[in-house]
Amino acid sequence: MILTTLLSLAAVAQAKRQGSTTMLRFGCSQVVIDRLDPLVNPGQVPSTHVHQIVGGNGFNATMPVTDVSSLADCTTCQFSEDFSNYWTANLYFKARNGTYKRVQQGGAALQFNDKVSTQIGGGILIYYVSASPGKITAFKPGFRMLVGDPSQRSRSGTTLKRQNCYRCYTGPNFGGDNAAPCQDAKLDTEKFPTDVCKGGIRSNILFPTCWDGKNLDSPNHQDHIAYPKTGPANFLSLGGDCPTTHPVRIPQLMYEVVWDTTPFNNKAEWPADGSQPFVLSTGDPTGLGQHADYVFGWKADSLQKAMDTSGCMGAKCASLKTQTIDPMKKCAVKKVVQENQDGCKLIHEPL
């Protein structure tokens, strides 16, 4: 798969004009699927809905505001110094008979000769962008944040379309993937696609890029971060100036999940009213409630060094250490909430 399956030629040209943009792009296999949320529902077992989690094995129902890299001894991420945790809601297929089945996840497209990321089935592809190396401040130990609103079912305007979207693949092997994330006017949508996606569906979620420089967290896990004055920055872009309340530029963090919806392409199994059949584990049938949680956990100053390095692309950068897929997939967290998370049952509440 050539580079343009990740970025449009215009985006690549823009990055080259900036001359020094660094983009870490690496896979993290699954560490656990569980009904836990140490940010929104700390200590609550079970939490309100099921999540898929990747990263360090320090993940738990409660995670103190501390250096979480010291809580883990392995990681499912390709960069072996990254013990962060990344998680999103799971996706389910709602059949015509009212039963639900969890949608499996696939590997990422082959880019930058990174074969490991193609093998992370069940995981998340992670991006860290430094659009101005030397001027981007990496996250600090104890930092965490949340983007998106799991309760959202409608949205006015399209400001967030380039920050939170779904791409409908037109065929196998990431068909139609010829534009930067969330920037294809036809294939990228804020809501779930309404028709069959012959090659599956991809989720992209971008986080704000400005920080208040003081707080590692905030009560809603969002107020300590902000978008630039001119609005959310496009992928690979520095964007406008940060507001005076949040003057510190932080890496542009993005999650990418490939949902293998192809086993559910038969419309005879879709709801009788013809509506699209997918629902997030929050109970959201619109897709607008897509959200993502992040707890920083890179060792020492390893991420800062990468964000200060110019021209890195993919899963290699400076002195960052990497690992193969085998130790990634051996790293795991024991499931706490014992339930049928794959669905196949009638439900009347979030999974």
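Two strands pair if DSSP finds at least two bridges between them. The legends below describe close-up views of a predicted model.

**View 1. Strand 17 and its two partner strands.** Strand 17 covers residues 292–295. Strand 8 (residues 144–147) runs antiparallel to strand 17, and four bridges join the two. Within this pairing, leucine 146 stands opposite aspartate 293 of strand 17. Strand 4 (residues 85–89) also pairs with strand 17 in the antiparallel sense, over four bridges. Here tyrosine 86 has tyrosine 294 as its bridge partner. In a regular strand the side chains alternate between the two faces of the sheet. Strand 17 is covered on both faces: Ala292 and Tyr294 are buried on one side, and Asp293 and Val295 are buried on the other.

View 2. The strands follow the order 10-9-11-15-7-1-18, and their pairing is mixed. Strand 10 (188–189) and strand 18 stand at the edges with a single partner strand each, so one side of each has no neighbour in the sheet. Strands of a sheet pair through backbone hydrogen bonds, either parallel or antiparallel. Strand 9 (residues 164–168) and strand 10 run antiparallel and are joined by two bridges. Arginine 167 has aspartate 188 of strand 10 as its bridge partner.

**View 3. Surroundings of cysteine 317.** Cysteine 317 is found in the loop that links strand 18 (313–314) and helix 3 (325–330). Its relative accessibility is 4%, so cysteine 317 counts as buried. Apart from neighbours within four places in sequence, cysteine 317 is in contact with Leu24, Ala306, Thr309 and Cys312. Serine 132 is 185 residues away from cysteine 317 along the chain, and the C-alpha atoms of these two residues are separated by 15 Å.

**View 4. Serine 117 and its contacts.** Serine 117 sits in the loop between strand 6 (99–102) and strand 7 (124–130). With a relative accessibility of 0%, serine 117 counts as buried. Its side chain makes a polar contact of 2.5 Å with the side chain of aspartate 114. Not counting residues up to four places away in sequence, serine 117 touches Phe26, Gly27, Gln78, Gly107, Ala108 and Leu125.

**View 5. The largest cavity.** Rolling a probe the size of a water molecule over the atoms shows where empty space is left. The model has five cavities of 30 Å³ or more. The largest cavity has a volume of about 70 Å³. Its lining includes Val129, Ala131, Ile136, Thr209 and Ser237. Leu238, Arg249, Ile250, Pro251 and Gln252 also line this cavity. By class, the lining has six nonpolar, three polar and one charged residues.

View 6. Valine 45 and proline 46 are joined by a cis peptide bond, with omega about 5°. Proline 46 lies in the loop between strand 2 (30–34) and strand 3 (51–55). Histidine 221, a residue other than glycine, has a positive phi near 65°. This histidine 221 belongs to the loop between strand 12 (210–211) and strand 13 (225–226). Histidine 221 is buried, with a relative accessible area of 11%. Leucine 236 likewise has a positive phi, near 75°. The loop between strand 13 and strand 14 (248–249) holds leucine 236, which counts as buried at 2% relative accessibility.

Key:
Residues are numbered from 1 along each chain as its sequence is written. This is a predicted model: local features need pLDDT of at least 70, side-chain atom pairs count only at pLDDT 80 or more; totals for chains, interfaces and linings use all residues. Side-chain values use heavy atoms; hydrogens and water are left out. Buried means under 20% relative accessible area, exposed over 50%, partly exposed in between (1.4 Å probe, protein chains only). Contact means heavy atoms within 4.5 Å. A polar contact is a pair of N or O atoms within 3.5 Å; within protein, one must be able to donate a hydrogen and the other to accept it, and residues adjacent in sequence count only if both atoms are side-chain atoms. On a 1 Å grid over the protein atoms alone, a cavity is a set of points where a 1.4 Å probe fits but cannot get out, and a pocket is an open set with protein on both sides within 12 Å along at least five of seven lines; lining residues have an atom within 4 Å of a point. Grid points are joined across faces, edges and corners, and a volume is the space filled by probe spheres set on the points. Ala, Val, Leu, Ile, Met, Phe, Trp, Tyr, Cys and Pro count as nonpolar, Asp, Glu, Lys and Arg as charged, and the others, Gly among them, as polar.
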